[in-house]
Amino acid sequence: MLAARGRNWRRWRSIINGLDIPVPWDSTEFCARLSARRGREIRIMPALANTAALPCGLCVSTTSTDYIFSVEGMTPLHRDHILLHEVGHLLAGHDGPPVSDDTARRLLPDVDPALVRRVLGRTVYSTREEMDAEYFATLVLALR
Ligand SMILES: [Zn+2]
């Protein structure tokens, strides 16, 4: 995958070059630096119980904050991959469907559902956007 250095590789490389990726890798520090750069908070949320209804990663955006969820039972590497995949969607400006009030209340009980704008779920890489986010995650993890 990394051998195919086409236009997409160059686009992501220039985005990645503009990021301040901590060395050694630290997901909390990565999110803190990225939050400062974007002027929007990124919060890693506690892992959710794994149910068939949930993809293995999920990003819920409000007017001020992007909340990233993973599900229980993942290795740290897999969790980092999920985090970066969701960040890839955010950096690429992918739009998810709007969130129902029910889902908003379930995932973010302390947040007013009216402030929740969209949800990005991780599916089975069927779409171009999924592949794009996956590509970003793979590139960043390869840099560590
Ligand atoms: Zn995705």
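In helix α1 (residues 7–17), W9, W12 and I16 are buried, where buried means under 20% relative accessible area, exposed over 50% and partly exposed in between, with a 1.4 Å probe and protein chains only. These three residues cover an arc of only 75° around the axis, so they lie on the same side of α1; the arc is that of the directions from the helix axis to the C-beta atoms. On the other side of α1, R7, R10 and N17 are exposed. The cover over the buried residues of α1 includes α3 (76–92) and α5 (128–143). Helices (H or I, at least four residues) and strands (E, at least two) are DSSP runs, numbered from the N terminus.

The model is predicted: local features need pLDDT of at least 70, side-chain atom pairs count only at pLDDT 80 or more, and totals for chains, interfaces and linings use all residues. Residues are numbered from 1 along each chain as its sequence is written, and side-chain values use heavy atoms, with hydrogens and water left out.

P24 is placed in the loop between α1 and α2. V23 and P24 are joined by a cis peptide bond, with omega about -5°.

R40 is found in the loop between α2 (27–38) and β1 (41–44). This residue, R40, is buried, with a relative accessible area of 15%. The R40 side chain reaches the backbone oxygen of T65 at 3.3 Å. Apart from neighbours within four places in sequence, R40 is in contact with S35, S61, T62, T63, S64, T65, D66 and R117, contact meaning heavy atoms within 4.5 Å.

Notes
Polar contact = N/O pair within 3.5 Å; in protein donor to acceptor, adjacent residues only side chain to side chain.
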